[in-house]
Amino acid sequence: MPNIPSCPALLIAAPASGHGKTSVTAGIARYHSRRGLRVRCFKTGPDFIDPGLLEQASGQPVYNLDTWIMGEDHCRQLLHEAAAGNDLILVEGVMGLFDGTPSSADLAECFGLPVLPVIDASKMAQTFAAVLHGLATFRDSLKIAGAVANNVASERHAELLRAALPSHIKLATLPRNPDATLPSRHLGLRIAAEIDGLDQRLDRLAEAVGASCLAELPAPAEFVQPATQPLAEALLHEKTIAVARDNAFCFLYRANIDCLRKLGAQVVFFSPLKDNALPAADAVYLPGGYPELFAAELSRNESLRQQMRSHVEKNKPLLAECGGLMTLGDALEDLNGNRHAMLGLLPGIAHMGQRLHAIGSQQALIAGASIRGHTFHYSRFDTTLTPCFQAQTQDGRTGEALYRHGPLLASYVHWYFPSNPALVASWFLSEG
């Protein structure tokens, strides 16, 4: 009989964004990790910000789960590996429980994860029970493992919430606490490195968890290994890839770095904000992030900008995604209309806007090979270049443009490298 590891597990969901999924997931992770348990967190969907917060809370790497971008077998393998070496698995959902394709409910159903709904109770009393009833019964295949009332004002408020619920439903009531709030901005919560007193905030969340029924471990779930586990060929053997990583370039999947290393590459990190020199490398990877918030600092780092231009002039590959694309043009225009000189490697200007320009999962078909990822940006890139490829949305509509300019490949899409490692390897081997 195959070994099927089991592990206590929860998928933390909500009726919509903003109810406190990240805070509750982080609080549970911090509480149980402080007790000496090994807690492995995952984030539903293509998110970069929440995983960093959950890593801080749990002390362990955090990976994403998205069956469309990543494939069901890849997600199943990640969960199987986590169950074999940990005491608790927490999966933070995305948006509302039934929103998106795949939704949090789809993942819970696919992998047999019990669902813990989190509902912001700050402006309701008995209606809380009706909202929870809808989440629990809309799809009868889901297993509901209690519920969380977030932002509870008082013990009397908690009594009203409990009184309206059936007696068999365990309810954790978490008090409103400004000292435990995780601040946000236009792309979601702030990244972990920017939040003052983050550990203290996480500890306050953990204390609230410890005073509730969430202090008890959930029931174990079984995690079956997929039938096949493809092995990555060492196509990047003896290649060194320099990866930008700092507060301006922080949208970076751990799985992408793992993929490059499995392909045989040596990965070295550098900070375009702080480093004056580009590491010796065969290729450069500029992921997304918040270059618009640091445009002046990036512009002032003329030494590194020159070395980046020299890298491309030597016909060495450079892959840029979203925020990385924004820094390749002649300038980046911020929300105040100020223009900051950028790398000048692509003809064009990036303009920040107040309006969301694109969001959603996409795929590109390149020379018969498909690769998947997602896009989420408030800027636009005006260029005279003609796209070399055009991505497509999940429902087949025209998506983001891909630009090839010599050894440089750029797009607004954040690619998930394990969705096609061989194609990714070709990008870092390409010389235009």
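**Notebook: a pocket, a glutamine and some salt bridges**

I started with the second largest pocket, which holds about 710 Å³ of space. Of its 25 lining residues, His74, Gln77, Pro230, Lys262 and Pro418 are the closest to the centre. For my own record: on a 1 Å grid over the protein atoms alone, a pocket is an open set of points where a 1.4 Å probe fits, with protein on both sides within 12 Å along at least five of seven lines, and lining residues have an atom within 4 Å of a point. The volume is the space filled by probe spheres set on the points, which are joined across faces, edges and corners.

I noted that this is a predicted model, where local features need pLDDT of at least 70, side-chain atom pairs count only at pLDDT 80 or more, and totals for chains, interfaces and linings use all residues. Residues are numbered from 1 along each chain as its sequence is written, and side-chain values use heavy atoms, with hydrogens and water left out.

Which helix gives the most to the lining of this pocket? I found that α4 does, with six residues. Helices here are DSSP runs of H or I with at least four residues, strands are runs of E with at least two, and both are numbered from the N terminus.

Next I looked up Gln362, in strand β18 (residues 358-366). Is Gln362 buried or exposed? Gln362 is buried, at 5% relative accessible area; buried means under 20%, exposed over 50%, and partly exposed in between (1.4 Å probe, protein chains only). A polar atom of its side chain lies 2.8 Å from the backbone nitrogen of Glu400. Among the residues that Gln362 touches are Trp68, His374 and Val413, with contact meaning heavy atoms within 4.5 Å.

Then I went through the salt bridges, and the whole structure has 18. The cut-off is a side-chain nitrogen of Lys or Arg within 4 Å of a carboxyl oxygen of Asp or Glu.

- Arg34 and Asp203 pair at 3.3 Å, N to O. Arg34 is in helix α1 and Asp203 in helix α8, so the pair ties together parts that are 169 residues apart in sequence.
- Glu92 and Lys43 meet at 3.1 Å. This pair links strand β4 to strand β2, 49 residues apart. Glu92 is buried at 1%, and Lys43 is buried at 3%.
- Arg305 and Glu302 meet at 2.7 Å. They sit three residues apart in helix α11, so about one helical turn separates them. Arg305 is buried at 12%, while Glu302 is partly exposed at 35%.

Definitions and conventions. Polar contact = N/O pair within 3.5 Å; in protein donor to acceptor, adjacent residues only side chain to side chain. Lists of a residue's contacts leave out its neighbours within four places in sequence.
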